[in-house]
Every structure is written in structure tokens, then in C-alpha cells.
Amino acid sequence: MSTSTESPPQVIAEPWWPAYGRFADHCIQCPTCKAVDDQGVNRRLPCADHDRLHEAYRQARHDTASTVTGGPA
Ligand SMILES: [Zn+2]
């Protein structure tokens with residue numbers, strides 16, 4: 001069995017992926033972001049780190065989108 005494929009396995013190499021990873025990691029680890037009320041509904045408490053990471057992710061996506069949008073300018 002020798003499969004010599006040059007294409008790597010599904011690796012997301014988007015520039016914004018690291019930023020999204022940090023944002024997602026924060027969301028599942030941060031006690032503030034995970035806080036829920038009696039009904040189990042996320043309380044959406046303000047969290048400076050969450051905002052900062054989300055903004056970084058949003059910026060990264062925006063930067064990517066601006067370079068990827070097809071068609072001549
Ligand atoms: Zn948080």
C-alpha cells in the first residue's frame with residue numbers, strides 16, 4: 001500500500017484560522033463566556049478577552065475577504 005498523494009489531508013490554512021482557534025478555545029474555557037442562567041441559557045456576560053479575540057478573528061476574516069473577493073477592482 002503506497003499512496004503517494006501530494007495534497008495534504010484537510011488542513012485549514014486560512015490566515016484567519018489561528019485567530020478563530022484562539023477565539024473558539026476561549027469560548028469553551030472562559031467561565032465568564034460559559035456562564036448560564038437558571039434556564040441553562042448563556043448569560044452573554046461581557047468579557048474583554050472575548051471581545052478582543054472576536055475582534056481579532058473578525059479583522060482576520062475581513063482582511064482575508066478583501067484579498068479574496070474575486071473580480072477585477
Ligand atoms: Zn470570556
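Leaving aside neighbours within four places in sequence, which residues is Ala35 in contact with? The answer is Arg43 and Leu45. Two residues are in contact if their C-beta atoms, placed from the backbone, lie within 7 Å.

The structure is a predicted model, in which local features need pLDDT of at least 70, side-chain atom pairs count only at pLDDT 80 or more, and totals for chains, interfaces and linings use all residues. Residues are numbered from 1 along each chain as its sequence is written. The term pLDDT stands for the predictor's confidence in each residue, from 0 to 100. For the chain, the mean pLDDT is 86. A value of 70 or more is reached by 78% of its residues. Where pLDDT is low, the predicted coordinates should not be read in detail.

The chain holds three helices and zero strands. Its pattern along the sequence is α-α-α. Helices (H or I, at least four residues) and strands (E, at least two) are DSSP runs, numbered from the N terminus. Among the elements, helix H2 (residues 31-34) has the highest mean pLDDT, at 97. Helix H3 (residues 48-68) has the lowest, at 88.

A residue is buried if 20 or more other C-beta atoms lie within 10 Å of its own, exposed if 12 or fewer, and partly exposed in between; the C-beta atoms are placed from the backbone. Of the 73 residues in the chain, 4% are buried. Contacts were also considered by their span in sequence. Among contacts between residues at least 6 apart in sequence, 53% join residues at least 24 apart.

The loop between H2 and H3 contains Ala35. Ala35 counts as exposed because it has 12 C-beta neighbours inside 10 Å. Leu45 lies 10 residues from Ala35 along the chain. The C-alpha atoms of Ala35 and Leu45 are separated by 7.3 Å.

Arg44 is also placed in the loop between H2 and H3. Arg44 is not a glycine, yet its phi is positive, at about 50°. Arg44 counts as exposed, because its C-beta neighbours inside 10 Å number 12.

Arg22 belongs to helix H1 (residues 17-29). Arg22 has 16 C-beta neighbours inside 10 Å and therefore counts as partly exposed. Arg22 and Ala56 are 34 residues apart in sequence. In space, their C-alpha atoms are 9.5 Å apart.
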